[in-house]
Amino acid sequence: MASAKMTVPKISARKVRTGEPALAMVTAYDAPGARAASEAGIDMILVGDSVAMVVLGYDDTLQVTIDDMAHHTRAVARAKPDCLIVGDLPWMSYHVSVEETVRNAAELIRAGAQCVKLEGGRKRLPMIEALIDAEIPVMGHIGLTPQSFHTMGGFKVQGRQAEAAMELIEDAKVLQHAGCFSIVLEGIPVKVAQAVTEAIDIPTIGIGAGPHCDGQVLVYHDLLGIEDRFAPKFVRRYTDLKAQTVDALSAYAADVRSGAFPNDEESYHLSDDQAEAFGLYGSEG
Ligand code: KIV
């Protein structure tokens with residue numbers, strides 16, 4: 001019987017134009033999230049550096065380290081999801097040298113990731129080649145790359161000018177040629193994402209890149225409405241867990257204050273004979 005576990009070769013073969021279904025990817029940062037994603041039939045879990053913003057309360061993704069990412073990757077891997085586990089290399093873990101890049105990526109693989117993702121196009125080529133040489137599969141990430149938000153002057157849609165759009169196509173081809181098994185396209189116009197997707201044979205995974213990619217990825221807390229302060233226009237909220245959580249916690253607090261919680265069925269009891277003995281003991285005291 002074929003294993004249900006998703007693998008890198010299975011993902012790299014999932015090109016929509018060859019009749020394959022689109023890939024569904026979601027971020028997850030802990031075991032319950034990974035279990036839910038697996039039970040929902042999600043293809044890939046990205047243990048994203050977005051954990052910095054949606055879980056750890058930072059204002060950007062630059063604050064998390066390779067140790068943080070390994071910690072969350074281990075939590076996801078312990079759930080043994082059927083989904084492919086993608087470990088996200090954080091800022092400064094693949095910028096200093098090829099050696100450091102490989103060592104840091106190995107941390108995520110040892111933590112349970114099956115591959116790593118890193119941001120950037122051609123200029124990351126030496127790092128990508130070294131990772132692939134070390135048998136670590138790589139997912140690329142081009143377009144709006146949040147780790148470069150200072151350079152970009154904010155979280156801005158990329159590739160709006162024809163020349164920049166051509167550069168993205170070139171980057172995607174270079175990443176494919178280097179051996180990446182798929183590429184995230186973030187925050188780029190629909191037509192540009194479509195052109196990139198048509199130009200390469202590995203699957204593209206879009207986020208804010210329109211419907212013509214080979215798959216889509218959303219951040220867990222955005223999709224479930226756990227993060228309700230701000231939603232970029234590409235986010236679709238499938239439920240409102242934050243509001244439901246606040247309602248449930250308010251009801252709990254009210255029940256505690258009124259004495260309605262816990263009730264008799266929610267409490268442990270002594271057997272009759274022990275209650276009697278305890279009563280006698282109590283009366284002696
Ligand atoms: O960290 C993350 O969540 C990501 C996605 C936005 C692709 O990199």
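Residues are numbered from 1 along each chain as its sequence is written, and side-chain values use heavy atoms, with hydrogens and water left out. Because the model is predicted, local features need pLDDT of at least 70 and side-chain atom pairs count only at pLDDT 80 or more, whereas totals for chains, interfaces and linings use all residues.

The ligand sits in the largest pocket. A pocket is here an open set of points, on a 1 Å grid over the protein atoms alone, with protein on both sides within 12 Å along at least five of seven lines; a molecule sits in it if more than half of its atoms lie within 2 Å of its grid points.

A polar side-chain atom of Ser-50 lies 2.5 Å from a ligand oxygen. For Lys-117, the distance between a side-chain N or O atom and an oxygen atom of the ligand is 3.0 Å, and for Asp-88 the corresponding distance is 3.2 Å. On its own the ligand has 260 Å² of accessible area, of which the protein covers 95%; accessible areas come from the Shrake-Rupley method with a 1.4 Å probe.

Helices (H or I, at least four residues) and strands (E, at least two) are DSSP runs numbered from the N terminus. Residues are called buried under 20% relative accessible area, exposed over 50% and partly exposed in between, with a 1.4 Å probe and protein chains only. Met-92 has a phi near 75°, a positive value in a residue other than glycine. Met-92 is placed in the loop between strand E3 (84-88) and helix H5 (98-110), and counts as partly exposed because its relative accessibility is 39%. A positive phi, near 65°, is also found at Glu-135, in the loop between helix H6 (125-133) and strand E5 (138-143). Glu-135 counts as exposed, since its relative accessibility is 68%.

Towards the end of helix H11 (residues 241-258) lies Ser-258, which is exposed because its relative accessibility is 55%. The side chain of Ser-258 reaches the backbone nitrogen of Ala-260 at 3.3 Å. The peptide bond from Phe-261 to Pro-262 is cis, with omega near 0°, and Pro-262 belongs to the loop between H11 and helix H12 (272-284).

Two buried residues complete the description. Pro-81, in the loop between helix H4 (66-78) and E3, is buried, with a relative accessible area of 2%. The C-alpha atoms of Pro-81 and Val-55 are separated by 20 Å, at 26 residues apart along the chain. His-221 is located in helix H10 (residues 220-223) and is buried, with a relative accessible area of 12%. From C-alpha to C-alpha, His-221 and Gly-153 are 25 Å apart in space and 68 residues apart in sequence.

Technical notes: Polar contact = N/O pair within 3.5 Å; in protein donor to acceptor, adjacent residues only side chain to side chain. 1 Å grid on protein atoms, 1.4 Å probe; cavity = no way out; pocket = protein on both sides within 12 Å on 5 of 7 lines; lining within 4 Å.
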